[in-house]
Amino acid sequence: MRLPELSGYRLEKLLGEDPFGWSYLAGKGESDKRLLRILKSQATLDKSIGEIYRHISALPHCSGVAAVDRFSQRMVGIPSAISSQFPGWKAKNGWTLSSVAYLSRVMEKDGALSAASQIMHTLGDLHRQGIYHGGLRPENIFLTGGQSDEPVVKITGFGEMVTPGLQHLEASNLPFFLAPEQLVHNVKTQEKVAQWDVYSAGVIVYYLLSKHLPRLDRLFRQHWENPAQMDRLVLISQGKLTRNAGQIYLLLENEKDLVWPDQHSCDQEKVLRAVVEKCLAFDPASRFRDLSEVSDALRTAERMLAEKEAGIHAASQPVAAAPVPVQHSVPAQTSVPVTDKIPLHPNAGDSAPQQTVASLDEIFQEEPQNVAKPAVKGGRGVVAKIPLIRTIRSSPILDKIVATVLAVLVISLGASTNMYRGRLAETEQQRVNAVSELRENILKQANTFQEQIDKTRKSAKKLESNLNQVEETKARLEGETTMARGLLKETQANGDRFFKLILENKDTDVPSFRQKRQDSLVFGKKHYQSLIEIYNGAPENFAESTANAHYYLGRIHKEMGEIAEAAQAFSDAEQIYMKLMESERNVEFTENLAISKRELAELAFDNAAFTPASNLYDDSTRFWQELSNLDNSRILDSGIEMNLNSLKIVECHYGLGNRDSALKGAESLANSFLGMHERYPNDDRIVGGLARSFTIIGNIFENSDREKAISAYNQAANYFAGAIQRNAAVDSYHVGLANCLAQAGLLTNDIDRMNRAVAILKEVVPRNRHDARSLIVLADVYGALAAHQRDGGNITNSISLEEEAITLLRPLVMQDNQAIPVEVYHAYSKRLVHLAMLRVDANKFDSSRQPLKEAISLLVSINQSGKAPPAYRRTLASARGLAGFASHKSGDTSSAKNYYKMANEDWVAYMSQNPNDTEAAEQARWAKERLRALQ
């Protein structure tokens, strides 16, 4: 990826990175500062963003949006960029953005209330004009200065939202400000985006007022202390929400109920909190429909509050006493206060449902007064109203007679009663004793029986509890095992998607990205090594996960230059993938298998094992074909990869000496790429394939037809330049261009071309220390330039160029890595021999012996390995002959004899395979004569 080049703007400082892109401080003109947003292509949808900014620019008045002075739409390999006025200031420790994310931490309560009200009203104005955000968070709300002392809210980040269609989106702090429904089913409509904004604005204002989040506050504070944990969490991958999003939704659902961590500080805050609570309803249907309703409700509440305060103030003023007129007793009318409701739908008619937010009287309601209950009265004097009693009481004689009779009856009844009471008491005592004894017996038996029942019940409960615990433990363990497996697979799947993007985005010119990418690869290496240890002995349903772990570990090893480890990892991945292919097919591991086969082929090719390499390239092609059958959308990608594999097979044929078949294959593939180029003229991969085809043709003709080789290299250089125009961030195109310029320059002795090649390679090679081919090309070019300097009589410059070439190659050679291509050792040895030759020409015989000794040691190892072509034996013979001469000139006759003898033997062995090399015959005679002279 390349950064966009905006005329009139200059990048000055990277301010930060978030899931959607990078924020830069940019200069415009001499003193103006701009906030430049570079958007990540995989995390944003350019079409949506373009539509939003076109809508904003068409509005006559939109003060709440940060004015955009430049919007650059994405092109191939170049992301979109948005430039706006810089919202911040320069502090002692650098430039600071005036975002709510920063200012909320230092705001006092009064400032927070003012900012919260501003945010709600500004967003309400935007919604009235049909502008919705969908991704509100503190980082894209800025508070800037205005003409008054009040801050002016400016909204940015339109189009940066969590929505389907994105290829890859990390979490960072996004989930804390998203509406819950965005995490499970975030299909975008205007109505839904409006309610997303309502919820997000509610979270932001809640945080301004309380310095806490309404939900997931503890997790938010953990994220604040350790942001890397959430930064690596993936919310969207390949256009779909991940399981991580669903898990965060469940966490939100567990915290549905809102609780403020403190009490409101004033009536204004109490009103604002009531509005915010409705914004934060978990169910979208219970929220405001959009922020224009929120703004209207808030304005109404603020007006009523102002009126209430004005009324209280008026009531507190002294009033002159007035005479109270005399009135008849009239029941007092109960005074019922009129309560003004804040309508949810201000524009709705009478038929609209009566949905209201709490009125001020309801928000500030008092406790109800206690009401006394009325007493209940009863009646009396009923007996006195009976007629017979009334007649007796009216006659004195009857009254006396009745009294006497009653007295006799009472005395007689009393005596009988006493006697009866005595007998009754004796009988009652006997009955009481019997009942008491019987009760005691029954109670003893009941207690004994109850004890037995309790023991049995306790035993049964204990047994039942134990059984339940066993079942619960079993179910829990099974569930936890299933969940753990699922989480482990999901975690790896997210990691795989992340590292796939990291590996595929090797070529970039974003500042500091390469170092961050390298750090990610180091982390990825440990990550996959740990997974492989965990999967050791795991069930078969982890086979694909195990294969993927080996595959990504192999790619990381290779990029870090650990070739032997990469070969082992790719081999392990290949074996597991092949076993999986016996029972199923899927796009992901078929592609991984095709790449694994190609990587193994590359390693074999680098070690001159051309036949095994050719077979592995064939296997890779077969699986690319399988991939195109599984997924029709991958037909073009698979076709390009198959052609590139075929080019490598052509190189294998050429390495095996099959020149004619290699030439036919290269020409056929060049025609194939030309046909694809006509259909897809802007695809840099196709243009790069064309360039590689002509490069191989140039290599084939180099030793047989110089003019055709030069023509092929020139055509290849032109195509590499075309590929760079389409995607300048791909280093392999630059290396290819430099290689073609160098080869053509070497064939024509064109110093300008060679210098251009060096200029390109000196920029690319430091970024690709493990790319052996670019290092070899650079070393060869340095050698040619050194020879040119020598031929021009400037021996000092010639020696310096050779020493610089050796310095570039030595770190790679000194790795003691058995899988480094033998060409690297040979190229390094040639530079050492040529350096020694230049020092001999300068009569520095002693200093020439050390590079020759090192070169001879390396060349002997290469030739003994059995992998060296005949040309390597020739270099060894030349090095030994020169070492003999330098030893002789230094006075070491013994070493000189030994070197001359071995040089003669090497030349004889070489000429047995190459009898037409007349220069070799001359060198052999020279070594033999030198040896004879020392006898």
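**Entry 1: H22 and its partners**

I started with a crossing: H22 passes H24 in a left-handed manner. I kept in mind throughout that I was looking at a predicted model. Next I looked up the geometry of this pair, and the axes of H22 (residues 731-748) and H24 (residues 772-791) come within 10 Å and cross at roughly 30°. H22 and H24 are therefore roughly parallel to each other.

Which residues of H22 and H24 meet? From H22 I noted Val735, Asn739, Ala742 and Leu746, and from H24 I noted Ser774, Val777, Asp780, Val781 and Ala784. I sorted the residues of this contact of H22 with H24 into 6 nonpolar, 2 polar and 1 charged.

Then I turned to the other neighbour on my list, helix H23 (residues 751-764). H22 and H23 pack at an angle of about 155°, with their axes 8 Å apart. That angle makes H22 roughly antiparallel to H23. Here too I wrote down a left-handed crossing, with H22 passing H23.

On the H22 side I have Asp731, His734, Val735, Leu737, Ala738, Leu741, Ala742, Ala744, Gly745 and Leu746. On the H23 side I have Arg753, Met754, Arg756, Ala757, Ile760, Leu761 and Val764. The residues of the contact of H22 with H23 divide into 12 nonpolar, 2 polar and 3 charged.

**Entry 2: Aromatic rings**

How many aromatic pairs does the structure hold? I found 18. I looked up Phe845 and Phe885, an edge-to-face pair at 6.2 Å centre to centre with 70° between the planes. Phe845 lies in helix H27 (residues 845-864) and Phe885 in helix H28 (residues 870-889), so the pair ties together parts that are 40 residues apart in sequence. Both Phe845 and Phe885 are buried.

Tyr900 and Trp926 came next. Their ring centres are 5.7 Å apart and their planes stand at 80°, so I logged this pair as edge-to-face. The pair links distant parts of the chain, with Tyr900 in helix H29 (residues 893-913) and Trp926 in helix H30 (residues 918-934), 26 residues apart.

Asp906 is buried, with a relative accessible area of 4%. What does Asp906 contact once its neighbours within four places in sequence are left aside? I listed Arg873, Leu876, Ala877 and Arg880.

Glu309 was my other stop, in helix H9 (residues 291-315). Glu309 is partly exposed, with a relative accessible area of 45%. I checked its C-alpha atom against that of Asp267, 42 residues away along the chain, and found a separation of 9.8 Å.

**Entry 3: The whole chain**

The protein chain has 30 helices and 14 strands. Of its 935 residues, 44% count as buried. Among contacts between residues at least 6 apart in sequence, 65% join residues at least 24 apart.

How values were computed. Residues are numbered from 1 along each chain as its sequence is written. This is a predicted model: local features need pLDDT of at least 70, side-chain atom pairs count only at pLDDT 80 or more; totals for chains, interfaces and linings use all residues. Side-chain values use heavy atoms; hydrogens and water are left out. Axes are lines fitted to C-alpha atoms, for helices over the stretch in contact, and angles run from 0 to 180 degrees between N-to-C directions. Helices (H or I, at least four residues) and strands (E, at least two) are DSSP runs, numbered from the N terminus. Angles under 35 degrees count as roughly parallel, over 145 as roughly antiparallel, 65 to 115 as roughly perpendicular and the rest as oblique. A crossing is left-handed if the near helix is turned anticlockwise from the far one by less than a right angle, and right-handed if clockwise. Contact means heavy atoms within 4.5 Å. Ala, Val, Leu, Ile, Met, Phe, Trp, Tyr, Cys and Pro count as nonpolar, Asp, Glu, Lys and Arg as charged, and the others, Gly among them, as polar. Rings of Phe, Tyr and Trp (its six-membered ring) pair if their centres lie within 6.5 Å; planes under 30 degrees apart count as stacked, over 60 as edge-to-face and the rest as tilted. Buried means under 20% relative accessible area, exposed over 50%, partly exposed in between (1.4 Å probe, protein chains only).
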